[in-house]
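Let me put the sequence and the model up, and then I'll walk you through what holds my attention in it.

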Amino acid sequence: MSSISDIIEHYLKRILKESSTGVIEIKRSELADTFQCVPSQINYVIQTRFTIEKGYLVESKRGGGGYIRIRKVHFQTDQEVFEDLLDKVGNAIPQLTAEHIISRLVDEELMTQREALMMMRLVSRDTIQLPIPLRDQMRARMIRIMITILLTSKGE
């Protein structure tokens, strides 16, 4: 059975996909009423499932006329996606951010589920058993190498 977070995520992705502009604007309180949950649940879903690493831009305006605007980032070529992801990795990357990047590669159909599972396992804290600063640096190096391999093999 899906969690309320999964249901809200799928709903938002569906209406985003159906949007002619590629942008949706929602009111946190109205969405919370629709799903009979607290507004903080909506915040949680948006903050964890609609991140820049996953390819979404989120704007939020609080207050009476407040809204949340979600936009899916679209690139013209796979090369642009890879370059954007490499830029986001930087010199160090925490596990959750790495997982979001891997998830985006799957969503963009640039990586298979099987490749993603291997990548997730390789960059996990269980595999890279080093002190945190070194672990995040090692993870970033591994992610950059894997993205580069995917990019170079995509053209073959």
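So, of the 156 residues in this protein chain, 41% count as buried, where buried is under 20% relative accessible area, exposed is over 50%, and partly exposed is in between, with a 1.4 Å probe and protein chains only. Before I go on, this is a predicted model: local features need pLDDT of at least 70, side-chain atom pairs count only at pLDDT 80 or more, and totals for chains, interfaces and linings use all residues. Residues are numbered from 1 along each chain as its sequence is written, and side-chain values use heavy atoms, with hydrogens and water left out.

Along the sequence the pattern reads α-β-α-α-β-β-α-α-α-α. The chain is divided into domain 1, residues 4-72, and domain 2, residues 78-153, with bounds that come from an automatic or database domain assignment. Their C-alpha centres lie 25 Å apart. Where they touch, domain 1 brings 8 residues and domain 2 brings 9, and contact here means heavy atoms within 4.5 Å.

Now the inside. What are the residues that touch the most other members of the largest nonpolar core? They are Leu105, Met111, Ile143 and Ile147, out of 22 residues in that core. By nonpolar core I mean a set of buried Ala, Val, Leu, Ile, Met, Phe, Trp, Tyr and Cys residues joined through side-chain atoms within 4.5 Å. Helix H4 (78-89), helix H5 (95-107), H6 and H7 each give two or more residues to this core, and the largest share, 6 residues, comes from H7. Leaving aside neighbours within four places in sequence, Leu105 is in contact with Phe82, Leu85, Leu110, Met111, Met119, Ile147 and Leu150.

The structure holds 12 salt bridges, each being a side-chain nitrogen of Lys or Arg within 4 Å of a carboxyl oxygen of Asp or Glu. Lys72, Asp84, Lys88, Arg104 and Glu108 are linked in a network of them. Take Lys72 and Glu108: their side chains meet at 3.5 Å, N to O. That pair links distant parts of the chain, with Lys72 in strand E3 (residues 67-72) and Glu108 in the loop between H5 and H6, 36 residues apart. Lys72 is buried because its relative accessible area is 17%, whereas Glu108, at 24%, is partly exposed.

Glu108 also meets Arg104 in a salt bridge, at 3.9 Å, N to O. Is Arg104 buried or exposed? Buried, because its relative accessibility is 1%. Then there's Asp84 with Lys88, whose closest N and O atoms are 2.9 Å apart. Those two are 4 residues apart in helix H4, so about one helical turn separates them. Asp84 is buried at 17%, while Lys88 is partly exposed at 26%.

Last stop, Ser5. Ser5 is found in helix H1 (residues 4-18), and counts as buried because its relative accessibility is 7%. Not counting residues up to four places away in sequence, Ser5 touches Gln41, Tyr44, Val45 and Arg49. That's my tour, so over to you.
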